[in-house]
Protein chains: 2
Amino acid sequence: MPDQSIPSARPSTQSAPTPQPAGGHGISRRALLGTAGATGIVLGAAGGAAGYAAAPAQAAPLTSLGSDRAMFHGKHQPGITEGLQARGHLIAFDLAAGAGRKEAAALLRRWSTTAERLMAGEAAPHDDTAVARDAGPSSLTITFGFGHGFFDRTGLDKQRPSALDPLPDFSSDHLDKARSDGDLWVQIGANDALVAFHALRAIQQDAGEAARLRWQMNGFNRTPGATAHHMTARNLMGQLDGTRNPKPIDPDFDRRIFVPASGEPAWMANGSYAVVRRIRMLLDDWEKLSVTAQEAVVGRRKSNGAPLTGDHETSPMDLEKTDSKGEYVVPLNAHARITRPDRNGGAAMLRRPFSYHDGFGADGTPDAGLLFICWQADPLRGFVPVQRKLDRGDALSQFIRHEASALFAVPGGAAKGEYVGQRLLEG
Amino acid sequence: MPDQSIPSARPSTQSAPTPQPAGGHGISRRALLGTAGATGIVLGAAGGAAGYAAAPAQAAPLTSLGSDRAMFHGKHQPGITEGLQARGHLIAFDLAAGAGRKEAAALLRRWSTTAERLMAGEAAPHDDTAVARDAGPSSLTITFGFGHGFFDRTGLDKQRPSALDPLPDFSSDHLDKARSDGDLWVQIGANDALVAFHALRAIQQDAGEAARLRWQMNGFNRTPGATAHHMTARNLMGQLDGTRNPKPIDPDFDRRIFVPASGEPAWMANGSYAVVRRIRMLLDDWEKLSVTAQEAVVGRRKSNGAPLTGDHETSPMDLEKTDSKGEYVVPLNAHARITRPDRNGGAAMLRRPFSYHDGFGADGTPDAGLLFICWQADPLRGFVPVQRKLDRGDALSQFIRHEASALFAVPGGAAKGEYVGQRLLEG
């Protein structure tokens with residue numbers, strides 16, 4: 001057949017014959033993490049869907065939603081500080097029986113090549129399914145991490161960071177082991193669901209015989225443009241979520257979120273640790289509360305996220321303020337009181353979640369909540385102390401249930417010509 | 001607590017105190033169904049998120065993605081001819097034991113009020129969850145239909161149209177009865193996932209004691225702006241899907257898609273029939289085929305949707321053309337040959353689907369495919385004859401599996417002051 005413009009296991013066809021004009025899609029700026037007032041960061045120059053989309057002659061150029069592009073190469077991996085994306089997939093794999101360090105290295109090399117190409121809006125290296133064809137990169141990010149089990153199976157247990165030691169048990173855990181942990185983790189985010197799905201299938205295809213799917217979850221956030229820019233995101237409880245997230249402009253941001261360049265182990269330089277929790281929200285119960293009761297649980301107003309002692313989302317929270325009866329205005333068990341970083345030894349983590357909704361359980365309650373993902377230089381100073389405090393008295397705990405948990409070491413970004421994890425696997 | 005700006009069972013608070021400026025968001029035009037070259041239609045004037053979003057002072061105005069608004073009132077219900085939305089929920093309910101015509105009428109009245117308000121970007125009438133707060137209408141549509149069982153339970157069996165008679169069995173069916181049929185159907189679509197989820201919860205809350213959830217499915221399409229305007233959508237097989245969809249500018253569009261104003265039964269005037277099929281795609285098998293083999297199955301090129309006998313998506317298909325060996329260029333069992341309307345007595349239906357992906361089955365294969373929704377004036381002249389032909393020899397059938405099926409009578413749009421279905425329930 002004459003038409004051969006779709007690549008089919010032929011890397012030489014990576015450029016489609018009719019690249020889309022790049023005019024008008026220069027440097028674009030995207031909101032960072034949806035936090036109010038945060039400055040945008042440059043995700044990168046995106047030349048439309050150049051190299052991929054064979055757009056018809058009459059097509060209008062992509063908007064910035066489609067043409068925005070995150071960079072694969074860099075000091076850190078993508079998918080940590082970029083703005084929340086409208087669609088996400090989390091996937092954990094276990095190395096297959098018989099697969100060791102060599103197979104893992106080849107897999108990370110394949111995955112890195114695929115991630116670099118898809119994030120640039122190009123076709124996958126082999127047998128591209130065309131699902132993302134016509135679309136721009138749509139802020140696609142693909143992020144890779146290693147779980148505790150990876151190191152034994154690859155003979156690299158001496159390289160396993162102590163930060164990957166299993167998280168402590170929390171009394172509120174109702175963990176499903178089949179949807180927890182995993183040797184390898186891939187986080188995919190994009191502002192278009194088909195671009196994200198396309199990446200998911202390409203990553204799965206790359207896994208081949210080297211790794212088996214362990215679990216996979218789908219999530220979502222606001223579509224850019226549905227709200228004004230710089231609005232803090234809302235979760236499925238209707239609360240603003242992320243008000244106090246650290247911002248890259250904060251002086252200690254890097255120190256709290258990323259392993260230093262001189263950190264231990266050396267292969268984790270500029271990396272980060274991701275705690276992943278599938279947190280189901282008991283929405284039927286939650287929605288029975290009045291707004292006033294919900295605000296007492298959270299410690300902030302539902303309308304604008306302001307602390308109960310202030311008027312604006314960014315107003316400082318006055319933890320000592322009492323009402324006319326002498327009761328604390330922000331209750332002692334309010335979620336926002338317990339999670340305040342300055343009450344947790346300065347612990348800080350960068351939360352970058354997706355909401356999820358997988359329909360309804362057999363009991364008719366929604367299977368919905370938060371794919372909580374938080375990033376930190378050290379889980380023992382980030383997630384763990386906060387969760388310990390929540391475990392002892394968070395008013396929100398009766399409305400949520402932690403159903404799955406995982407912890408991954410996410411190495412620093414790959415330099416050009418390098419693949420993610422190379423410093424571990426060839427170190 | 002001083003802040004009361006979130007409505008809580010107080011309809012008088014439907015207007016938030018700080019409506020967003022409406023400037024610059026006048027009449028907007030949206031692509032229709034993603035078909036190449038189709039003219040846009042006016043969805044309506046959207047004044048940002050006026051009446052709902054209490055946007056902070058520094059917020060930028062919404063883009064058209066957020067402020068685009070479909071109209072609830074009109075000749076037809078919304079959600080039929082509007083452009084594909086990025087996120088969708090399909091929900092079927094059964095009337096509760098003891099609920100009859102009176103309870104059904106009250107339910108449709110509640111649902112209509114909720115739909116009108118949410119589609120305008122306002123809060124739900126009661127106990128709004130705030131999940132959609134800050135966002136514009138984001139092209140939200142909410143559509144209501146009646147299934148076969150509705151009429152017996154409400155004593156309205158004499159009003160049941162014969163077009164609602166059960167669909168014939170097809171040999172390719174693998175139907176899950178628990179996810180098929182239903183007394184009542186609600187289709188929700190929006191370009192923002194939280195706006196769509198918010199509508200889903202409001203519709204569920206309205207159901208109250210009158211109706212029980214029977215099944216619910218989630219779907220997605222391209223985010224507007226991820227591709228150029230007027231691109232035909234791709235499905236999860238990577239094929240352009242909808243090339244030959246009828247267009248509202250076609251002279252016989254209304255006659256094929258909508259029941260005439262003088263049609264039978266009278267309460268279905270300007271209504272339509274929706275066939276809903278959950279069609280799983282066997283993607284692992286499909287993706288093993290070469291692109292050339294996939295194109296022979298479909299009869300069109302994967303790159304641009306052109307028929308195998310032409311160069312462009314809209315080129316006519318030459319069904320008689322043979323190759324040098326005397327074989328038809330478009331194989332006899334090619335999907336596009338079998339579904340050509342002019343080979344099916346002029347049958348035509350308007351397909352307006354969502355893709356779905358619910359993770360992976362126990363066998364490791366993706367639980368993904370198409371929430372096929374087609375609209376027609378008469379299923380016996382639309383879906384049924386086409387599916388009968390497909391059933392007898394469609395090359396695509398070995399890569400798909402119909403897992404659920406339903407058929408609903410979708411009455412015409414409500415006039416102002418009226419609720420959807422009022423002409424049936426109070427006729």
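Modeller: Strand 3 of chain A runs antiparallel to strand 6 of chain A, and nine bridges join them. Strands here are DSSP runs of E with at least two residues, helices are runs of H or I with at least four residues, and both are numbered from the N terminus. Two strands pair if DSSP finds at least two bridges between them.

Colleague: Before we go on, what sort of model is this, and how are things numbered?

Modeller: This is a predicted model, where local features need pLDDT of at least 70 and side-chain atom pairs count only at pLDDT 80 or more, while totals for chains, interfaces and linings use all residues. Residues are numbered from 1 along each chain as its sequence is written, chains are lettered from A and ligands numbered from 1 in the order in which they are written, and side-chain values use heavy atoms, with hydrogens and water left out.

Colleague: Back to the strands. Which residue is the bridge partner of A92(A) in strand 6 of chain A?

Modeller: The partner is W215(A).

Colleague: And how many bridges join strand 3 to strand 5 of chain A?

Modeller: Seven, and those two strands also run antiparallel. Strand 5 of chain A covers residues 184–190. There, A190(A) stands opposite R87(A).

Colleague: Is strand 3 of chain A buried or exposed?

Modeller: Nine of its nine residues, 87–95, are buried, so strand 3 of chain A is largely enclosed by the rest of the structure. Buried means under 20% relative accessible area, exposed means over 50%, and partly exposed is in between (1.4 Å probe, protein chains only).

Colleague: Which residues point which way from that strand?

Modeller: R87(A), H89(A), I91(A), F93(A) and L95(A) point one way. G88(A), L90(A), A92(A) and D94(A) point the other way. All of them are buried.

Colleague: Now the whole of chain A. How many helices and strands?

Modeller: Ten helices and eleven strands. Of the 427 residues in chain A, 64% are buried. Contact means heavy atoms within 4.5 Å. Among chain A contacts with a separation of 6 or more, 77% come from residues 24 or more positions apart.

Colleague: New topic: salt bridges. How many over all chains?

Modeller: The search of the whole structure finds 43. A salt bridge is a side-chain nitrogen of Lys or Arg within 4 Å of a carboxyl oxygen of Asp or Glu.

Colleague: Show me one.

Modeller: R109(A) and E426(A) meet in one, at 3.6 Å from N to O. R109(A) lies in helix 2 of chain A and E426(A) in the segment after helix 10 of chain A, so the pair ties together parts that are 317 residues apart in sequence.

Colleague: Are those two buried or partly exposed?

Modeller: R109(A) counts as partly exposed, at 41% relative accessibility. E426(A) counts as partly exposed too, at 44%.

Colleague: How many salt bridges are found across the interface of chain B and chain A?

Modeller: Eight. One salt bridge joins D192(A) and R222(B), with the closest N and O atoms 3.0 Å apart. Another salt bridge links D134(B) with R234(A), at 2.8 Å between the closest N and O atoms. That pair crosses between chains, loop to loop. D134(B) and R234(A) are both buried.

Colleague: Last topic, helix 7 of chain B. Which residues are buried there?

Modeller: V291(B), Q294(B), E295(B), V297(B) and V298(B).

Colleague: What do they pack against?

Modeller: Helix 6 and helix 8 of chain B. Just after helix 7 of chain B, G299(B) takes a positive phi of about 90 degrees.
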